[in-house]
Amino acid sequence: SRQTTFQDGGEEVEDGAVYNVTLKKVQIQQAANKGARWLGGEGDQLPPEHTVRQYETSKIRAIKAGTLEKLVENLLTAFGDADFSYISIFLATYRAFASPSAVLELLLDRFGNLDTSSHGEVANLNSLESEIVLRAEIASVLRAWLDQCAEDFREPPDYSSLLKLLGYLRSNMPNSDMESRVQNLLKHFQNQEVEAVGEFPFPSPFLDLVDGEKLEISSPEEFSSFQDHVVAEQLTYMDVMLFKRVVPYHCLGSIWSQRDKKENKNLAPTVRATITQFNAVTKCVISTVLGTRELKIQQRAKIIEKWIHIAHECRILKNFSSLRAIISALQSNSIYRLKTTWMCVSKDILLMYEELSEIFSDHDNYLTSRELLMKEATSKFANLDSSEKENQKKSQKRLQLQKNKGVMQGTVPYLGTFLTDLIMLDTALQDYVEGGLINFEKRRREFEVIAQIKLLQSSCNSYCLIPDQKFLQWFRRQRHLTEEESYRLSREAEAAADTNVLSPKSQKSMVKRISTLFLGTDVFTPPKEQPPKSSPAGGSSGESTDSASVSSCEFNHSETEDVCVTPVSSPEDPLKKGYDSDKGSIGSDKGSISNKGSGSSKGSIFDPGSGSDSGSIPSRDSGSVPSSAPKVLPVYNRQSGGSCIIRVSMDGLHASVYKSILITNQDRIPDVTQRALLKHNLHPDAVEDYELVQVISEDKELVFPRDANVFYGMNSHVNFDFILRKKA
């Protein structure tokens, strides 16, 4: 038997690098006879229960921080240091601090120059004692790079990095499989460029109208003609195609948080495509429920019931993206407020809806959805539990049909959870440590999240879904209602409903029952049933984003639509102070950022930044190297360890258009104001022109003296929400 223990071995410091050292001690127990013979003794002389113990100790050396040169050099030495996951971690995260060309130049010219007799700096690397070893190490790194991150080399039109790599291989590894592979990759990229396919998948290939097609509000009969499981399968088909194409480094907080700059309008297209698709599903739900004025109450209720069934089918297919999109749409204000319509939804279906909604509860940093996602990621079929017997029977019946087919299912996540974690990690951890060294511990923490994304992408290869062209055509032809349209139609539908059908007592009971289905409290209710009003436009489309909360609508730069969903409101709730985009289901129910920089109260449908305010970033051990990074990171709405995260919005824009900023107990007003200006893409020298205030309630603000310590001066008993206001 073998027992392994790890012991902290401290740090090792070299010129330009700091390493964490871990001692790995393996205890091996052998039976008496085997042990005695191995020791040269007579096995017969030892009692049979006697065991011999041996101990093996090895050192694991993992780079903690270093210069770019040292981090690249470590690609060649990490395996010898037993840091087996280093190459994967570096390749998944290096775009946060270096370009592909810079890394390739260091790898090939400085460390991979096989023509240099002394091998230059490589002579000092103990693990590389010969040209053969060096060649093998270089080949191993390049192979991993091409396997894991081939998209790094897509640099049209000249493809300089790929051509440089090809030249290196022709000189040093001629006629190798790697050389032919790089040639094929170059041809593949060039062909895609010629065919103009390189832009896929932004905004989304499933929303582009074919010649002769026009946008329209479909008839209820046409929508009803599609079977529930067919709709769910087709939504899953589209989600799978887009999710599998997500480039993991596009999700990094340092990359994603730069998307609002004008020069970055095409940044992270694979993530934007999932946002566009998510929005399309949510808007489709709203359009089918509200788009036809002539519907009777029972007919409208049937459409809501159908979408709940479709959401349940998505759950069976383990598609949490469209599942959350549908739930969010049903929780949007324009549909939620249809009290009379909801009264006609059957009790069993309402219970099903409640169970599906609970998956995305924001309790304990979305713990339910996180645990469920990881559980489903490693299972062949959905794990379905229902407290309602009838729902359980239906679920098991549908699940058995799937199992009979013998086809495993993958898992499509709600990408926003991962984007939240990565943005919060980027906010909480420094990019550089003392001496200007790149903080690679931060990258190891980020890779824990990236690895989950890659695992789920791999699981999606298990899906075997065939596109249904009739449904896909119907889906892309849907004309989406603007928020104002949906709100107006909602009011008309409710006004036309015969509220005398139910007695006031039963109506109140129904309202209370519906209210329990929607989770969370910090929500936004339009005052006195007025449609949301836009505040004055505030700049370009790139100016209304948030480091920790992301709008989906704002990304459709090529469109003029402003279809975003008003956050859900409870019919019994008074006007709350505003909605919190970090705290909610996917944006439609709790809000996010407005479209096109309008800064209105329009909640976006997709809120990839939602979530991480109620707990620290989840930490999972990934890889064999123990991390010394702090386990508890600064979080929103809680002061701990002398730091916390606050949200700062600009005066005149809605509170959901905020930036997440890390502050410590050393920070004073000028420091925080300057960081807030930078985050909002304003000139940092304008500190004296702005004042920073904390929002206490609707009618109360906390104004800080010029040199006040923000950490100790703020009110820690209310939300950590601040406004940056230009002085009069």
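Predicted model: local features only at pLDDT ≥ 70, side-chain atom pairs only at ≥ 80, totals over all residues.

Residues are numbered from 1 along each chain as its sequence is written, and side-chain values use heavy atoms, with hydrogens and water left out.

Helix α5 (residues 131-149) packs against helix α7 (residues 177-194) at an angle of about 30°, their axes lying 11 Å apart; helices here are DSSP runs of H or I with at least four residues, numbered from the N terminus, and axes are lines fitted to C-alpha atoms over the stretch in contact, with angles from 0 to 180 degrees between N-to-C directions. The two helices α5 and α7 are therefore roughly parallel, a term for angles under 35 degrees. On the α5 side the contact (heavy atoms within 4.5 Å) includes Leu142 and Arg143, and on the α7 side it includes Met178 and Arg181.

Leu142 is also among the residues with the most contacts inside the largest nonpolar core, which has 134 residues; such a core is a set of buried Ala, Val, Leu, Ile, Met, Phe, Trp, Tyr and Cys residues joined through side-chain atoms within 4.5 Å. Its largest share, 11 residues, comes from helix α11 (residues 269-290). A second, separate core of 23 residues includes Ile669 and Phe711.

Serine 486 lies in helix α22 (residues 483-496) and, at 6% relative accessibility, counts as buried, meaning under 20% relative accessible area with a 1.4 Å probe and protein chains only. Beyond its neighbours within four places in sequence, serine 486 is in contact with Ile286, Leu290, Ser334 and Leu481.

Technical notes. Parallel < 35°, antiparallel > 145°, perpendicular 65-115°, else oblique. Buried < 20%, exposed > 50% of the residue type's maximum accessible area, 1.4 Å probe, protein only.
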